[in-house]
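Some stops look at packing, others at single residues and rings.

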Amino acid sequence: MIKVVDNDIETLATALYVKIDDMLRDWPGLRPPRPSGSTPLTLSDAELLTLAVMSALLGFTSERRWLRYVTENLAGMFPALIGQSGYNKRIRKAFWLFIRVIRMLAMDTTLWSDDVWVVDSTPVECGRSRETAKRSNVAGWAEYGYRASHSRFFWGLRLHLVCTLSGLPVLFAIAGAKADERQTLLGMLEAGRDVAAAHPGQILIGDKNYFGKDFEADLAEHSLALLRPARKGEAPRGGQNLFEPLRQVIESVNQTFKGRLDLERHGGRTSQGILTRILARILALTAAIWRNDKTGQPIMRSLVAYDH
């Protein structure tokens, strides 16, 4: 299938490049470290992240195919492209820059002040054969877990995500498939204390796995009020009538990651490789929402204008 890049994704790429470039000019310390005396970069860090976002939005899961496509079709936008090995090394070293840019774009939307968040985790498979599970570089981090929606086990990780009702990523973590969702959420809130502190009185919607008096007390310390369905044997909880339609938001966001951004076809083989490929997809969704918000689009999470 031949992919055609239209003006919408070119406009997004240009706006994203300028935004990242301005950020790195104001805060040069955010740039990935490089050895002293290194030759000047032919491909800037802003261009590197823009390429990663475009790759995710256009559905490329192979870096080799993506770079070949860029050389043949986007030379005007990226005249000084680097080889696959250099691209791969630069992307992996840009781990923290991805996280900084995701936060910067999210905060630069009108959605950042939303007073309702939803939380969930979704599987990220890293292999299916027993040999892969034994020999993989991520064995020990990746592990067997249960996928309730498909009633089967999988081997890999989970992406834990807190987002707004419009699907804007607020906090996220990548953990082993068996990691406790409650403890992972508390860890996310601890790492992002500034985010929770800036949203006092926030409502957090989760499923039945987010339960426990001590857990809810910990959430209360972050000024978060939990809305979830009652577990078997529990008394009815407040907000039950609101839960189901709002809870579908996170399921839709997860489907965007899997169906439109190929989350489970990340192609990573090492921990850094998997992390940066997942981060590229989180950044791609955040960038699309940021652009849709700036241009007044009716559906913030729509990728239709950017995936072809």
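Helices here are DSSP runs of H or I with at least four residues, numbered from the N terminus. With that in hand, look just past helix α2: G59 sits there with a positive phi of about 85°. Keep in mind that this is a predicted model.

Now step back into α2 itself. The helix covers residues 45-57. Its 13 residues should span 18 Å at 1.5 Å a residue, and its end C-alpha atoms are 19 Å apart, which agrees. How buried is α2? Of its 13 residues, 13 are buried, so the helix is largely enclosed by the rest of the structure.

One partner of α2 is α4. The two pack at an angle of about 95°, and their axes are 11 Å apart. Angles from 65 to 115 degrees count as roughly perpendicular, so α2 is roughly perpendicular to α4. The α2 side brings D45, L48, L51 and A52. The α4 side answers with Y87, R90 and I91. By class, this contact holds five nonpolar residues, two charged ones and no polar ones.

Follow α4 to its other crossing. Helix α4 takes in residues 84-93, and helix α11 takes in residues 271-294. They pack at about 80°, with axes 9 Å apart. That angle makes α4 roughly perpendicular to α11. Which residues meet here? From α4 come N88, I91 and R92; from α11 come Q272, G273, T276 and R277. The class count for α4 with α11 is one nonpolar, four polar and two charged residues. I91 of α4 meets α2 residues, and I91 also takes part in the contact with α11.

E63 lies in helix α3, residues 63-73. Setting aside residues up to four places away in sequence, E63 touches Q84, Y87, N88 and R277. Is E63 buried or exposed? Its relative accessibility is 14%, so E63 counts as buried.

Now turn to the rings. Six aromatic pairs are counted in the model. One of them joins F60 and W66: the centres are 5.1 Å apart, the planes make 50°, and the pair is tilted. F60 also pairs with Y69. Those ring centres lie 5.1 Å apart and the planes stand at 40°, so this pair is tilted too. F60, W66 and Y69 together form one aromatic cluster. F60 is buried, with a relative accessible area of 5%. W66 is buried at 0%. Y69 is buried as well.

Go back to α11 and look along the helix. It has 24 residues and reaches 34 Å from its first C-alpha to its last, close to the 34 Å expected at 1.5 Å a residue. Of those 24 residues, 20 are buried, so α11 is largely enclosed by the rest of the structure. I289 is found in this helix. I289 is buried, with a relative accessible area of 0%. What does I289 contact, leaving aside its neighbours within four places in sequence? The list is L111, S166, G167, L168, P169, M300 and R301. The C-alpha atoms of I289 and I299 are 8.6 Å apart, and the two residues lie ten residues apart along the chain. After α11 comes G296, whose phi is positive, near 70°.

Two residues other than glycine also have a positive phi. The phi of S223 is near 60°. S223 lies in the loop between α9 (213-221) and β6 (224-227). At 36% relative accessibility, S223 counts as partly exposed. D262 has a positive phi of about 50°, although it is not a glycine. D262 is placed in the loop between α10 (240-260) and α11. D262 is buried, with a relative accessible area of 13%.

Methods: Residues numbered from 1 in each chain as written. Predicted model: local features only at pLDDT ≥ 70, side-chain atom pairs only at ≥ 80, totals over all residues. Heavy atoms only, no water. Axes fitted to C-alpha atoms, helices over the stretch in contact; angles between N-to-C directions. Parallel < 35°, antiparallel > 145°, perpendicular 65-115°, else oblique. Contact = heavy atoms within 4.5 Å. Nonpolar A, V, L, I, M, F, W, Y, C, P; charged D, E, K, R; others polar. Expected span 1.5 Å × (residues − 1). Buried < 20%, exposed > 50% of the residue type's maximum accessible area, 1.4 Å probe, protein only. Phe/Tyr/Trp six-rings, centres within 6.5 Å; stacked < 30°, edge-to-face > 60°.
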